[in-house]
Structures are given as structure tokens and as C-alpha cells.
Amino acid sequence: MSAHSTDIVPSTVDGGYGTLAVWEAVPPPGVPLRGTALLVPGFTGSKEDFEALLPLLAAAGYRAVAYDQRGQWQSDGPEDVAGYTMDDFSGDLLKVLDQVAGDEPVHLVGHSFGGYVGRVAVVARPERFRSFTLLASGPSSVQEINFPPPSLVAQAVEAGGQELIWQQMSTAMFASGLTPAPERLEFLHQRILATKKANILGILRAMEVPPLSDPAQLRAAGVPLLVAYGDTGDLWAPDVHERFAEQLGARRAVYPGVGHLPNEDVPQRVCADLVDFWAASVA
């Protein structure tokens with residue numbers, strides 16, 4: 001397991017299927033509480049994707065909560081792929097929200113597929129959200145994306161399982177010049193092996209269609225929006241994010257020279273942009 005910051009406290013909440021693993025960071029003594037932020041990881045990810053970001057947000061005055069989605073890493077999930085629909089994922093998000101924030105609206109951050117799940121939840125219950133940030137989360141996984149058709153990936157996963165996904169991920173990491181520390185590599189490997197095959201297949205199935213049939217649905221929800229992304233185009237090209245932000249009437253934050261994980265690569269800059277955006281959202 002990742003050796004998380006001492007500022008992060010692990011716990012669990014109830015999901016729609018079973019227990020979901022949670023990390024939480026709260027403002028230190030003397031720092032006024034400015035609100036609650038809920039962060040949702042993406043495909044093959046987990047709460048650890050926000051390990052660097054949670055303490056920074058807490059230091060800025062926000063109670064910051066992240067969780068493993070159903071079937072990811074340390075969270076329970078069904079063995080049947082039928083238990084991983086978009087309604088299942090968005091339903092879990094709303095259940096987590098109710099447990100960690102009560103009636104208080106939260107600032108939602110969805111990374112990649114987590115942003116897909118967030119879109120559905122925001123459209124369903126806009127009154128529960130002070131703002132919504134799409135972090136490295138483009139329009140869809142079926143067009144204008146540097147990713148194989150999800151149905152083809154699913155066929156490969158059916159045949160090769162989680163280990164196949166790991167081989168592809170690690171090969172891509174090294175090919176891009178990244179050389180993670182051995183303990184980091186071991187964590188990433190163990191995480192993908194612990195993530196249920198049904199979760200991977202279910203998400204790939206969900207990714208075969210855009211999360212919303214029309215982005216105008218999200219704009220019409222009336223929740224302040226931020227589209228934040230790195231500009232290296234390793235999944236979506238910068239102009240795809242830019243057009244998406246225009247469609248949504250969203251604020252933008254761009255991270256030059258950064259890829260799909262700005263939350264890990266430039267957490268201080270992401271934190272600063274989130275805090276600025278959140279302050280403007282409640283002004």
C-alpha cells in the first residue's frame with residue numbers, strides 16, 4: 001500500500017454494494033473551514049491518486065475526501081460486470097456525499113472517468129454541489145481521444161485479466177520516460193491486481209457511450225464548472241478540452257508540459273487553481 005501522508009486519515013463508508021475505502025484530510029488547528037471537497041478517481045485509479053493533493057487542500061481550509069470506487073483497490077464490489085453501470089457509480093458518489101457532508105453542498109472533483117461519473121451525479125442532483133471540476137476528463141472515450149475503442153480493450157482484458165492491463169500500463173510508463181521508484185511500481189501493480197476484473201470491464205462498457213448524451217445537460221444544471229487539464233495530449237488534445245470548456249461555459253486551467261495526472265505531477269498548481277475557483281464559486 002502507498003505510505004500516505006500523516007495528514008490523511010483512512011476510513012470507510014457504505015456504498016450501494018458494500019464498503020467503500022475513504023481518505024480524508026481536514027484543516028489543521030487555527031485554519032478556518034471553508035467547505036468540503038469530494039474527489040473521485042478514474043479508470044484503474046484509486047484515492048491514492050490524490051495523496052499529494054488532499055493535504056494541500058486541507059491546509060487551504062477545505063475538508064478533502066477521496067474514495068475508491070466500487071471494485072477498485074480497497075473498496076468492495078460485485079463480481080458480476082452488471083453491477084458496474086454508470087448509475088451504480090453515480091449512485092455510490094451520491095451515497096458517499098450524503099455520509100461525508102450531510103446536507104452541505106460540496107465541491108466535486110472528478111479525475112478522468114471520475115469526471116464521467118461526476119457529470120451524471122451533478123445532472124441528477126445539482127443542488128448537492130457548490131462546484132464541479134473536470135480534471136483531465138474529456139468529452140468521451142469514443143471520439144477525439146488517444147485510446148483504443150473500449151470494446152477492444154475489454155476483449156483483451158477478458159483474455160488477459162488485470163495482469164494484461166498492468167503490462168500495458170507499465171510499458172507505457174517506461175516508454176514515456178517515467179521511472180517510478182520500486183515501491184511506487186509495486187503499489188501500482190498491487191492496486192491493479194486487487195481491482196476487480198468486473199470493475200475494469202464495467203467501466204470499459206460504460207465508456208462505450210458518452211457519459212451524457214448532450215453536454216448542454218451539464219451546463220443547464222447551473223453548477224459552476226472548471227475544466228482543468230495538462231496540454232501534452234496523451235489522451236485528449238488540448239483543443240478538445242478547450243472546445244469542451246466552451247460548450248460547457250466552464251472556466252479553464254491548463255498545465256503546460258503535464259499529462260493525464262496533474263493531480264500527481266503539479267499538485268500545488270492544481271490546489272491553487274481549485275482554491276481560486278472554489279472561492280469564486282461561492283462569492
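A pocket is an open set of points on a 1 Å grid over the protein atoms alone, with protein on both sides within 12 Å along at least five of seven lines; a cavity is a set where a 1.4 Å probe fits but cannot get out; lining residues have an atom within 4 Å of a point. Grid points are joined across faces, edges and corners, and a volume is the space filled by probe spheres set on the points.

The model is predicted: local features need pLDDT of at least 70, side-chain atom pairs count only at pLDDT 80 or more, and totals for chains, interfaces and linings use all residues. Residues are numbered from 1 along each chain as its sequence is written, and side-chain values use heavy atoms, with hydrogens and water left out.

**Pockets and cavity**

| Space | Volume |
|---|---|
| Largest pocket | about 1300 Å³ |
| Second largest pocket | about 240 Å³ |
| Largest cavity | about 50 Å³ |

The largest pocket has 37 lining residues; Thr 44, Met 169, Ala 172, His 260 and Leu 261 lie nearest its centre. Helices H3 (113–124), H4 (150–175), H5 (182–194) and H9 (262–265) each give two or more residues to this lining. Helices (H or I, at least four residues) are DSSP runs, numbered from the N terminus. H4 supplies the largest share, 7 residues. By class, the lining has 19 nonpolar, 12 polar and 6 charged residues. Here Ala, Val, Leu, Ile, Met, Phe, Trp, Tyr, Cys and Pro count as nonpolar, Asp, Glu, Lys and Arg as charged, and the others, Gly among them, as polar.

The second largest pocket is lined by 16 residues, with Pro 139, Gln 143, Pro 215, Phe 244 and Gln 247 nearest its centre. Helix H8 (residues 238–248) gives the most, 5 residues. The classes are 9 nonpolar, 4 polar and 3 charged.

The count comes to 1 cavity of 30 Å³ or more. Its lining includes Ala 136, Tyr 229, Asp 234, Trp 236, His 241 and His 260. That lining has 4 nonpolar, 4 polar and 1 charged residues.

**Packing of H4 and H6**

The axes of H4 and helix H6 (residues 197–206) come within 9 Å and cross at roughly 165°. H4 is therefore roughly antiparallel to H6 (angles over 145 degrees). Axes are lines fitted to C-alpha atoms over the stretch in contact, and angles run from 0 to 180 degrees between N-to-C directions. H4 residues in the contact (heavy atoms within 4.5 Å) include Pro 150, Val 157, Gly 161 and Ile 165, facing Lys 197, Ile 200, Leu 201 and Leu 204 of H6. The contact has 8 nonpolar, 2 polar and 2 charged residues.

Key: Angles under 35 degrees count as roughly parallel, over 145 as roughly antiparallel, 65 to 115 as roughly perpendicular and the rest as oblique.
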